[in-house]
Amino acid sequence: MKVRWPVEIVGTGIRTGSRVMTNDDFAERLDTNDEWIQQRTGIRERRLTVENESTLQLARQASEGALERAGLAPSDIDLIICATITPEHVLPSTACELQAALGCGHVPAFDHVSACTGFTWAFLSASQYIHSGMANRVLVVGVDCMSRMTDYEDRGTSILFGDAAGAAILARTDDPERGVYAASMGADGSQAMSIWVPAGGSKEPATNRTVNERLHYIRMNGREVYRFAVTKMQQQMKQAIEDAGVTVDQIALVVPHQSNLRIIESACEKLGFPLSRVVINIDRYGNTSAASVPVAYHEAVTDGRIKPGDYVMLIAFGAGLTWGTALLRV
Ligand code: UT7
């Protein structure tokens, strides 16, 4: 939909897992190889957490980086939204733990559970709080330690995921040109089991049996999700451009969820959107779920590809199945 929300990103930060795992590392233990993984996914390596790293730690360091770049103190934040499917604990929310770890004071803090779409939805939610006047500066974090729910005996999923956090601080802007120009969110719950973790929820709490049957790991119908992702990405990009009333040429950069290079290439090709204006870093990080969009955004800002005044599109899709887009002028 067409919107006009007075929101800007004033600081970003990232933190990835510290252990680099290459395709050859997988080939040593599974029936796979570097060529297959690169051709089918575009991934060369991913960064995984080591034993003393965790979701909270990654989120905290990414947030501290974002605060520093924004020139803000933790006490300047008045809302925290954390998008994650791998929370530090099942209870309480990671956002509350992050609030205390950063020293933000007693501001509201909550988690979003929408997997790879998580950061984009959290970004849109934060924009609403700013637009309505309920908040002025919101810390939005996308963080996932996917290695903690990945079955390293399953070659179909294990090669895909990495661990990372990306943080962005959203603030009210007085500049009439800046802000969010188009936004969309959607979900199709009838396809919920296309990407899921069978046990560990209230339906099947952890037991010896669920552990023995490896039911706490992520399961995915890759082909089905692939088709969904290409269609949705292309539709959503087209819709956002129309809603914002801009042309394809005016979009300086698209920052998509990094789940498979072929998905990005195929959607862009169908739309006639040049890949040279798409941020791609899946080769180094794999699919980091909720962290994927903010990590890519941060890299594009720090290497100068995003400049003040640019139209930039955030676009993501994932478990649920869910999808979301935000087109902003930075
Ligand atoms: O972030 C959330 C959203 N998730 C996504 O967007 C993921 C969407 N799906 C995908 O990216 C792709 O479906 C995958 C990368 C997961 C799989 O690629 P694919 O081209 O769809 O492969 P496939 O599942 O159709 O499998 C083709 C073949 C199969 O062998 P057979 O049955 O043809 O003999 C698989 O067993 O490739 C085999 N295969 C592998 N071979 C070597 C599957 N994984 C591997 C592997 N190495 N790691």
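Where is the place of proline 256? I looked and found proline 256 in strand 12. A reminder to myself before going on: this is a predicted model.

**Proline 256**

I checked accessibility next, and proline 256 counts as buried because its relative accessibility is 0%. Then I listed what touches proline 256, skipping neighbours within four places in sequence: Met233, Ile264, Val278, Val279, Ser292, Val293 and Ile315 are in contact with it. I also took one C-alpha to C-alpha distance, from proline 256 to isoleucine 280, and got 7.9 Å for a pair 24 residues apart in sequence.

**Aromatic pairs**

How many aromatic pairs does a search of the whole structure find? I ran it and got five aromatic pairs. One of them is phenylalanine 26 with tyrosine 152, a stacked pair with 6.2 Å centre to centre and 25 degrees between the planes. I placed both partners: phenylalanine 26 is in helix 1 (residues 23-27), tyrosine 152 is in the loop between strand 7 (137-145) and helix 6 (155-158), and so the pair ties together parts 126 residues apart in sequence. Phenylalanine 26 and tyrosine 152 are both buried.

I then turned to phenylalanine 119 and phenylalanine 123, which form a tilted pair at 6.4 Å centre to centre, with 40 degrees between the planes. Both of these phenylalanines sit in helix 5 (residues 118-132), four residues apart, which is about one turn of the helix. A note on the geometry: an α-helix has 3.6 residues a turn, so residues three or four places apart point the same way. Phenylalanine 119 is buried at 3% relative accessibility, and phenylalanine 123 is buried at 1%.

**Charges over rings**

I looked for charged side chains over aromatic faces. Lysine 232 lies over the face of tryptophan 323, 4.0 Å from the ring centre. Arginine 277 lies over the face of phenylalanine 273, 5.0 Å from the ring centre.

**Salt bridges**

Arginine 277 came up again here, in a salt bridge with aspartate 249 whose closest N and O atoms are 3.9 Å apart. Arginine 277 is in the loop between helix 9 (261-271) and helix 10 (282-285), aspartate 249 is in the loop between helix 8 (222-244) and strand 12 (251-256), and so this pair ties together parts 28 residues apart in sequence. Are the two partners buried or exposed? Arginine 277 is buried, with a relative accessible area of 19%, whereas aspartate 249 is exposed at 67%.

My count for the structure came to 17 salt bridges. Glutamate 45 and arginine 47 form one of them, with 3.1 Å between the closest N and O atoms. Glutamate 45 is buried at 17% relative accessibility, and arginine 47 is buried at 18%. I also noted a network of salt bridges that links Asp151, Glu153, Asp154, Arg214 and Arg219.

**Helix 3**

Glutamate 64 is partly exposed, with a relative accessible area of 35%, and arginine 60 is partly exposed at 35%.

I checked the length too: at 1.5 Å a residue, the 16 residues of helix 3 should span 22 Å, and the end C-alpha atoms are 22 Å apart, which agrees. Buried residues of helix 3 include Leu56, Ala59, Ala62, Ser63 and Leu67. Among the elements that cover the buried residues are strand 2 (7-16), helix 4 (94-102), strand 7 and strand 8 (163-172). Glycine 71 follows helix 3, with a positive phi near 70 degrees.

Most residues other than glycine have a negative phi, and most peptide bonds are trans. I went looking for departures. Leucine 91 and proline 92 are joined by a cis peptide bond, with omega about 0 degrees, and proline 92 is in the loop between strand 5 (79-83) and helix 4. The bond from glycine 320 to leucine 321 is cis as well, with omega near -15 degrees. Leucine 321 is in the loop between strand 13 (311-318) and strand 14 (322-329).

On phi, alanine 115 has a positive value near 50 degrees. Alanine 115 is in the loop between strand 6 (109-112) and helix 5, and is buried at 7%. Serine 289 has a positive phi near 55 degrees. I found serine 289 in the loop between helix 10 and helix 11 (292-302), buried with a relative accessible area of 0%.

Notes: Residues numbered from 1 in each chain as written. Predicted model: local features only at pLDDT ≥ 70, side-chain atom pairs only at ≥ 80, totals over all residues. Heavy atoms only, no water. Phe/Tyr/Trp six-rings, centres within 6.5 Å; stacked < 30°, edge-to-face > 60°. Helix = DSSP H or I, 4+ residues; strand = E, 2+ residues; numbered from the N terminus. Buried < 20%, exposed > 50% of the residue type's maximum accessible area, 1.4 Å probe, protein only. Lys NZ or Arg CZ within 6 Å of the ring centre and 35° of its normal. Salt bridge = Lys/Arg side-chain N within 4 Å of Asp/Glu carboxyl O. Contact = heavy atoms within 4.5 Å. Expected span 1.5 Å × (residues − 1).
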